[in-house]
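The tour goes from one selection to the next.

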Amino acid sequence: MSSQSTLADDDLFGEAAAEMREEVEGHLADARASLPDSEDVWNAEADNVLGVLNALKSALDVGDAEEHLRQAKKTFIVGQRAEAFDDPDSLEAEIEAIEELLASIDEAEALVGDLTGTMPQLRSQLQEAAEAAADAEDGGESDD
């Protein structure tokens, strides 16, 4: 009877492993679906640089992708430690690819945030420099 019990346990383990893999793959698919659309990131319509940067910052929103990735990783780690996956390397590679993409998006979002703060300040400084140059020219002409 113990051999029948072991066989049933093996079948249950196999089913659980398949369900875990499906769950990981489902979360990875949901993470990919939550990523920003490449066309929204590439194309921006605005009247000025600040408008473009604000549009880009909005386009870089990853939505629930990070949470879906987190759920995929949790299930993957449990399945990996239980040695439940026939090919854990393929799942791990997919997880790493999405992690790298999210890191790139985070980096781009930080850069856009920096530029969003810098560009108005730069514009103001350039305006002040232009005004100073105009004042210097006007002062030079009145001396003649």
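Which exposed residues does the face of helix 4 turned away from its buried side carry? Before selecting them, note that this is a predicted model, in which local features need pLDDT of at least 70 and side-chain atom pairs count only at pLDDT 80 or more, while totals for chains, interfaces and linings use all residues. Residues are numbered from 1 along each chain as its sequence is written, and side-chain values use heavy atoms, with hydrogens and water left out.

**Stop 1: helix 4**

Select residues 65-81, the 17 residues of helix 4. Helices here are DSSP runs of H or I with at least four residues, numbered from the N terminus. From first C-alpha to last, helix 4 reaches 24 Å, close to the 24 Å expected at 1.5 Å a residue; the expected span is 1.5 Å times one less than the number of residues.

Now colour Ala-65, His-68, Leu-69, Ala-72, Thr-75, Phe-76 and Gly-79, the buried residues of helix 4. They lie on the same side of helix 4 because they cover an arc of only 135 degrees around the axis, taken from the directions from the helix axis to the C-beta atoms. Buried means under 20% relative accessible area, exposed over 50%, and partly exposed in between (1.4 Å probe, protein chains only). An α-helix has 3.6 residues a turn, so residues three or four places apart point the same way.

Turn to the face away from the buried side: the exposed residues there are Val-78 and Arg-81. After helix 4, click on Glu-83, whose phi is positive, near 55 degrees.

**Stop 2: the core**

Select Val-24, Leu-28 and Leu-102, which touch the most other members of the largest nonpolar core, a set of 22 residues. Such a core consists of buried Ala, Val, Leu, Ile, Met, Phe, Trp, Tyr and Cys residues joined through side-chain atoms within 4.5 Å. Helix 5 gives this core its largest share, six residues.

Stay on Val-24: leaving out residues up to four places away in sequence, its contacts (heavy atoms within 4.5 Å) are Ala-72, Thr-75, Phe-76, Phe-85, Leu-91 and Ile-95.

**Stop 3**

Finish at Gly-63, in the loop between helix 3 and helix 4. Gly-63 counts as partly exposed because its relative accessibility is 45%. Draw a distance from Gly-63 to Pro-120: the two are 57 residues apart in sequence and 28 Å apart in space, C-alpha to C-alpha.

Key. Helices (H or I, at least four residues) and strands (E, at least two) are DSSP runs, numbered from the N terminus.
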